[in-house]
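Hi,

Here is the structure I promised to pass on to you. Have a look at it first, and then read my notes below.

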Amino acid sequence: MLQNQRLVLASLFISLGLILPLAFHSFGMGGPLFLPMHIPVLLGGLLLGYRSGFFIGLLTPLISGLLTGMPAPLPTMPLMMGELAVYGTVAGYCYRRLRSGLYPSLLLALIAGRLMTMVMLFFLSDFLHIRLSPWAYVLAATLRGSLGILLQLLLLPPAVKFLEKYLPY
């Protein structure tokens, strides 16, 4: 795939990462429940590889926060930037570089992203004024977002297989 094509597709995934949360919120379906920003980040990593996945994951919450106020600048935005950057990186690295299957790549990305959130909370919880333990925070976020995680596991693998037919690799 040409670098220009990769840049255009990465921009498309970032744009989807801005639009999907707005759409979910406008229909009263909260972001923490359905995790709509995670979908384009994971898709970008799986389809474009780890480098693009990293930047899609890092930039999507930052741009969204600056343009829409979601996620909130503190404490959520830095945590989401770290988590989503790891999602995109690990999904892309496992699927494109290591040639792992879609489900293992997706599961490893989801676990690694949550671990990144725990590590960031361990170091930044005082600065971010989060009084829960990193473990409790991530467990609560995972339980609250379990519907979104289930949707990701059900929808992303067929979406990737469908889109791979039309991408010039």
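Let me start with a question: where is the place of Pro75? Keep it in mind while we look at the whole protein, which is a predicted model.

Along the principal axes, the C-alpha atoms fill a box of roughly 45 × 30 × 25 Å. Buried residues account for 44% of the 169 residues. The accessible surface is about 8900 Å², and carbon and sulfur atoms contribute 75% of that.

Now back to the question. Pro75 sits in the loop between α4 and α5, and a cis peptide bond with omega of about 5° joins Leu74 to Pro75. Pro71 lies in the loop between α4 (50-68) and α5 (76-97), and a cis peptide bond links Met70 and Pro71, with omega about 0°.

Leu35, between α2 (31-34) and α3 (38-48), has a positive phi near 55° without being a glycine. Arg99, in the loop between α5 and α6 (102-128), is not a glycine either, and its phi is positive at about 60°. Is each of them buried or exposed? Leu35 counts as buried, because its relative accessibility is 8%, whereas Arg99 counts as exposed at 61%.

Enjoy exploring!

Technical notes: Residues are numbered from 1 along each chain as its sequence is written. This is a predicted model: local features need pLDDT of at least 70, side-chain atom pairs count only at pLDDT 80 or more; totals for chains, interfaces and linings use all residues. Side-chain values use heavy atoms; hydrogens and water are left out. Buried means under 20% relative accessible area, exposed over 50%, partly exposed in between (1.4 Å probe, protein chains only). Accessible areas come from the Shrake-Rupley method with a 1.4 Å probe; for residues, only the protein chains shown count as cover. Helices (H or I, at least four residues) and strands (E, at least two) are DSSP runs, numbered from the N terminus.
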